[in-house]
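Here's a quick tour of a protein–DNA model. Have the structure open as you read.

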There are 2 protein chains.
Amino acid sequence: MEDDLASTRLLDAAERLFYAEGVQAVGMDRIRAESGVPLKRLYRLYPAKADLVAAYLDRRDVRWTASLTAHVDAAPADPRARLAAAFDWLAAWFSEPGFRGCAFVNAFGELGYADAPVLAIVRRHKAALRALLGGLVDDLVRDAGAPPARAEDLADQLMLLVEGAIAVAALRPGPAPAHNAHKAADALVDAALSA
Amino acid sequence: MEDDLASTRLLDAAERLFYAEGVQAVGMDRIRAESGVPLKRLYRLYPAKADLVAAYLDRRDVRWTASLTAHVDAAPADPRARLAAAFDWLAAWFSEPGFRGCAFVNAFGELGYADAPVLAIVRRHKAALRALLGGLVDDLVRDAGAPPARAEDLADQLMLLVEGAIAVAALRPGPAPAHNAHKAADALVDAALSA
DNA sequence: TGCGCTAGAGAACGATCGTTCTCTACGGTA
DNA sequence: TACCGTAGAGAACGATCGTTCTCTAGCGCA
């Protein structure tokens with residue numbers, strides 16, 4: 001099927017344009033022009049713009065989460081090193097050219113509660129990130145032999161640091177927010193494990 | 001001048017609609033209808049939609065920052081109590097009906113780097129918040145007689161917690177992210193002041 | 001070679017956007 | 001009372017949006 005190739009090119013163009021300029025600011029004709037996929041095929045693959053937006057966020061969610069997970073899993077088994085790997089990954093992401101914050105936060109900010117499918121994808125994306133951080137915290141408390149009582153709170157707090165770093169970096173790209181968040185995370189972990 | 005009253009009604013309608021549904025999703029005619037201000041007067045007061053958007057964000061910035069500042073200043077002089085007051089204020093904000101995250105983050109996510117005036121207002125808004133947190137941290141280190149070396153890093157980290165709490169609460173409104181951020185902030189302050 | 005089906009290119013459609021223009025009605029001044 | 005300037009109501013304009021339709025050219029198959 002040549003549809004696969006066309007679909008890839010469409011999602012590539014959609015991701016580049018939607019992320020850089022916002023969903024509503026980019027028309028379907030821009031996506032046709034940048035992807036090289038004829039409008040007819042575009043509408044056969046994605047019957048409405050909302051479908052293309054959902055597919056863009058879906059694919060980005062899968063790739064983003066897989067990339068972060070792979071980078072964490074490639075780190076040494078030491079839980080602290082795994083935590084550090086997560087923040088290193090963030091620092092690299094914040095430094096990429098064209099970085100403009102979290103695509104899911106941006107989409108929600110733009111579309112709000114009106115677009116239910118987008119809202120569901122955003123919630124799922126954030127739940128996956130929270131689950132990944134929860135796994136890191138579980139490793140930390142198990143490794144330290146600490147009681148798992150405060151694990152949920154600690155994971156929630158790491159989530160706040162990660163989300164905060166993304167939000168701050170969106171307005172001023174660069175690795176600094178990730179490094180600061182890492183230092184704060186280490187301090188919070190120290191406090192939680194010593195209690 | 002009746003223009004003042006019309007301007008207030010316009011900004012009220014603009015704020016309600018832009019914040020709830022996004023800037024691009026709301027047309028000028030919706031604002032005319034909800035404000036009751038005729039289109040002609042609207043365009044005399046704000047010659048283009050971009051001007052109305054900037055005025056909406058400007059007014060919201062002033063009110064938001066003043067409200068948070070007033071709440072912090074109304075707290076007991078104890079620096080820890082002032083810090084707690086800031087997070088209490090956030091918890092109340094997150095619980096307001098219609099809360100949908102930070103209007104400035106949402107506007108930037110929607111309009112991106114294309115709209116320079118909006119970008120400037122967003123940066124200024126975040127700089128004011130960061131300055132307010134910096135003041136709280138200065139009080140803390142002075143009160144504890146600690147060296148002010150790590151004050152900047154600590155303020156940056158409180159900023160991450162606040163931004164993270166806003167981002168998390170945007171998707172699931174309620175006071176919990178503020179309470180978690182407060183606990184994390186206290187732990188970070190403890191660690192910084194004991195070092 | 002002739003035929004039917006599909007796909008591509010892009011015009012066209014209706015809706016809606018931001019913005020401007022027209023027309024009418026009214027209020028202040030002589 | 002007659003007049004003029006302004007303001008309100010809303011139609012109108014050009015642009016652009018998402019989406020569909022038209023037309024033509026090329027391919028597989030008898």
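## Around the DNA

Which helices each supply at least two residues of the surface near DNA strand C? They are helix H3 (39–45) of chain A, plus helix H2 (28–35) and helix H3 (39–45) of chain B. Keep in mind that this is a predicted model.

Zooming in on the residues, chain A brings Pro38(A), Leu39(A), Lys40(A) and Arg41(A) to DNA strand C. From chain B come Gly27(B), Met28(B), Asp29(B), Leu39(B), Lys40(B), Tyr43(B), Ala48(B) and Lys49(B). Sorted by class, the surface near DNA strand C has 6 nonpolar, 1 polar and 5 charged residues.

## Where the chains meet

Chain A puts 38 residues in contact with 39 residues of chain B. The chain A side that touches chain B splits into 20 nonpolar, 9 polar and 9 charged residues.

## H7 against H8 in chain A

Helix H7 (residues 116–144) of chain A packs on helix H8 (residues 151–171) of chain A at an angle of about 130 degrees, and their axes are 9 Å apart. That angle makes H7(A) oblique to H8(A), and their crossing is right-handed.

On the H7(A) side, the residues that meet H8(A) include Leu129(A), Leu133(A), Val137(A) and Val141(A). Among their partners in H8(A) are Leu154(A), Leu158(A), Met159(A) and Val162(A). By class, this contact has 10 nonpolar, 1 polar and 2 charged residues.

How values were computed: Residues numbered from 1 in each chain as written. Chains lettered and ligands numbered in written order. Predicted model: local features only at pLDDT ≥ 70, side-chain atom pairs only at ≥ 80, totals over all residues. Axes fitted to C-alpha atoms, helices over the stretch in contact; angles between N-to-C directions. Helix = DSSP H or I, 4+ residues; strand = E, 2+ residues; numbered from the N terminus. Parallel < 35°, antiparallel > 145°, perpendicular 65-115°, else oblique. Left-handed = near helix turned anticlockwise from the far one by under 90°. Contact = placed C-beta atoms within 7 Å. Nonpolar A, V, L, I, M, F, W, Y, C, P; charged D, E, K, R; others polar. Near = placed C-beta within 6 Å.
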